[in-house]
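User: Hello! I would like to learn how to read some features of a protein model. Could you take me through this one?

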Amino acid sequence: MVTVAQPTPTLSPRFPAVRHLGPNWYACVMGTDAMATAGTALPWHPPGLRTLCTAFWALSLLLLTALLTARSLHWRHHRDRARAHLADPAAAPFYGCLAMALTATAGATLTVGKDWTGTTASVALGAALFTAGTVTALAAAVTVPYLMAVRHRVDPATATPVWLLPLVAPMVSAAVGPLLVPHLPPGLPARTLLLGCLTLFGASLLAVLAVLRLIVGRLLTGDPLPLALTPTLFLVLGPLGQSTTATAAIADAARGTAPGATALRGFAVLYGMPVMGFALLWLCLATAHVVRARRAGMGFSMTWWAFTFPVGTCVTGAAALARHTGLAAYDVLALALYAALAAAWAVAAAHTARGVVSGALLRGPGRAPVERRPVTARTR
């Protein structure tokens, strides 16, 4: 009697819903945090705005917890996909979003979270998130460019604003860190944190300027970005608005804490005004590209979250300049940008929720259709 070996059944992977969950999903947390922190920075505070901003903070904290859990399951049960993300030059830079999600939630916790949790709990949670986010930001700012240089071997002609994500992450820490200075003992601890934030500001700014040159060069001399990547042009606003916010926050925290507080306040204005001008110029350019892409058939993708957090940093930057200069024009600018931020968040959140419920956003990328080349007949 001959025994035929039965084939071993293939086990389906556990938690298939998180198999294709990439680090770009942390942009949802960043955009929601922007609604909270930018709302509190506005010069106009109608009744209920503070409560609404606190609700956005609670939602961002819930989203962060859910994504950290889902990404942990992703690394545990789908490690092949996780490693593939690190090996992909288009996906690896999004690890900067993890750092910025942690730090942005820390900023929202210190700003509005204390309304519901109390000062002691908000400072403890904010300090923990800030520390984790800063460590992750420094790791991403070093590891991702190293992988791009050694493993990915990218071409300058393929430069996209996504390359800025790991480099701008330390700038978010530089803007959030000063919020912890008043809660530290005066003297060396507070001065150390403040000067550390100034160091993070410089490190991120110089790295961003080096890569921004490649992005502008590709945009002006190369082909337009693919339709799905066109919204990432708004990512350039992130380091512009966040650096303006950081200089103002450092100057505010330096009063009575560190020497040179007056010089830092002057630097915040002299730096922030031209940078905000360039941000407005880039906002118009990016908007024109998005309108063109939309007319060409650009549909929703997770890159639409690039319309939220970078614009939110410009809101806080404009509000800081209004506070330091007394110019009402910056107040109007902050209000207009926040209205655009709220509209962008509503659209991105609605499409994301619909995609999660239907499962369309959780499925893996499909096979790209093969484009047939036109055949030309040679005639005599």
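Predicted model: local features only at pLDDT ≥ 70, side-chain atom pairs only at ≥ 80, totals over all residues.

User: Is the crossing of α8 and α10 left-handed or right-handed?

Analyst: In general, two packed helices are described by the angle between their axes and the distance between the axes. Here, helix α8 (residues 237-253) and helix α10 (residues 309-325) have axes that come within 7 Å and cross at roughly 35°. The crossing of α8 and α10 is left-handed. As for its make-up, the contact of these helices divides into nine nonpolar, nine polar and two charged residues.

User: Which residues of α8 and α10 meet?

Analyst: From α8, the list includes Gly-238, Gly-241, Thr-245 and Ala-248. On the α10 side, Thr-313, Thr-316, Gly-317 and Ala-320 are among them.

User: Let's pick Thr-316. Is Thr-316 buried or exposed?

Analyst: The cut-off for buried is under 20% relative accessible area. Thr-316 has a relative accessible area of 12%, so Thr-316 is buried. A polar contact of 2.7 Å joins its side chain to that of Thr-245. Leaving aside neighbours within four places in sequence, Thr-316 is also in contact with Thr-37, Ala-38 and Ala-41.

User: Now for the core. Which residues have the most contacts inside the largest nonpolar core?

Analyst: The general idea is that in soluble globular proteins, nonpolar side chains tend to be buried together. In this model, the largest nonpolar core has 112 residues, and Phe-234, Trp-305 and Tyr-338 have the most contacts inside it. Helix α7 (residues 188-221) gives the most to this core, with twelve residues. Beyond four places in sequence, the contacts of Phe-234 include Leu-283, Val-290, Ala-306 and Phe-307.

User: Where is Ala-306 found?

Analyst: Ala-306 is in the loop between α9 (261-295) and α10. At 6% relative accessibility, Ala-306 counts as buried. Besides Phe-234, Ala-306 touches Pro-231, Thr-232 and Leu-235, not counting residues up to four places away in sequence. For a sense of scale, Ala-306 and Arg-14 are 292 residues apart in sequence and 31 Å apart in space, C-alpha to C-alpha.

Note on methods: Residues numbered from 1 in each chain as written. Heavy atoms only, no water. Core = buried A, V, L, I, M, F, W, Y, C linked by side-chain atoms within 4.5 Å. Buried < 20%, exposed > 50% of the residue type's maximum accessible area, 1.4 Å probe, protein only. Helix = DSSP H or I, 4+ residues; strand = E, 2+ residues; numbered from the N terminus. Contact = heavy atoms within 4.5 Å. Axes fitted to C-alpha atoms, helices over the stretch in contact; angles between N-to-C directions. Left-handed = near helix turned anticlockwise from the far one by under 90°. Nonpolar A, V, L, I, M, F, W, Y, C, P; charged D, E, K, R; others polar. Polar contact = N/O pair within 3.5 Å; in protein donor to acceptor, adjacent residues only side chain to side chain.
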